[in-house]
Each structure stands twice: as C-alpha cells, then as structure tokens.
Amino acid sequence: QVQLVESGGGLVQPGGSLRLACAASGVDWTDYVVGWFRQAPGKEREGVACITRGARMVQYLDSVQGRFTISRDSGKNLAYLTINSLTPEDSAVYYCATRATYSDGFCTLHRLFFTTWGQGTQVTVSS
C-alpha cells in the first residue's frame, strides 16, 4: 500500500520560492498519477497541479499557471512542486495525492479521483 510524505513547507516572504517534495513508499510509483492540492483555512481543498505516470503530461490550475511547476523522479519515488513568486494567497496546507492508473495520458485536478493522500505541509507567505 502506497504511503506519501510531504516536506519542504515553511514561512517565506512574498516573492520568494519554495520546492515541496512528496516521497512515496510501499509501491513502484511509476504506475501512479500524482497530484498536488492545497487547502487554506475556511476554503475547500483545490487541485493545483497533476502529472501523469510517465511525466509526459502535466496540468495546472489556471490561477497558478506559470508560477507552479510539477515534476517527478519516478526512479526515486519522489514528486515535486516548485512554487515561484509566492503571494499571501498561496498560504495553505499543501498535499500530494496519488492513484494507480493504466493510462499514461491522464491526470486530473479533481480530488475525488485520488485514493491516497499525504499528511500535508504548511506553506505560509508573509512579510
């Protein structure tokens, strides 16, 4: 059974950057889609990026396009979310999520698709 652990969150000033990491264990992660989500206080959890099992396709939430970059190193069972030009509106708990899939051409930002979640890492953007 796959388990996920996020890391890399913290306090950062506006305009700064962070790279979040998600480490998977328990499976060969090459057969899994990976998504990154965030949830701010009082708001619903929203998908911000996803990447297909073979990393041939990525998808982003429109509002983060150009600032967020999702990537993965399947050989190391790691996925990353790099966030640039951070604003206070990016403050949230960031989660990675995953699900096995047969298709190498599919990923989604819909949270109901994903079956396994990490515990989250807090990102706070403040001066």
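The accessible surface of the chain, computed by the Shrake-Rupley method with a 1.4 Å probe, comes to about 6,400 Å², and 48% of this area belongs to carbon and sulfur atoms. The model is a predicted one, in which local features need pLDDT of at least 70 and side-chain atom pairs count only at pLDDT 80 or more, while totals for chains, interfaces and linings use all residues. Residues are numbered from 1 along each chain as its sequence is written, and side-chain values use heavy atoms, with hydrogens and water left out.

The chain holds 0 helices and 11 strands, where helices (H or I, at least four residues) and strands (E, at least two) are DSSP runs numbered from the N terminus. Of the 127 residues, 47% are buried, a word that stands for under 20% relative accessible area, with exposed meaning over 50% and partly exposed lying in between (1.4 Å probe, protein chains only).

The structure has 5 salt bridges, each being a side-chain nitrogen of Lys or Arg within 4 Å of a carboxyl oxygen of Asp or Glu. Three of them are listed here.

| Salt bridge | Closest N to O |
|---|---|
| R38 and D90 | 2.9 Å |
| R67 and D90 | 2.8 Å |

R38 lies in strand β4 (residues 32–39) and D90 in the loop between β8 (78–83) and β9 (92–100), so their pair ties together parts that are 52 residues apart in sequence. R38 is buried at 9% relative accessibility and D90 at 1%, whereas E46 is partly exposed at 30%. R67 is buried as well, and R38, E46, R67 and D90 are linked in a network of salt bridges.
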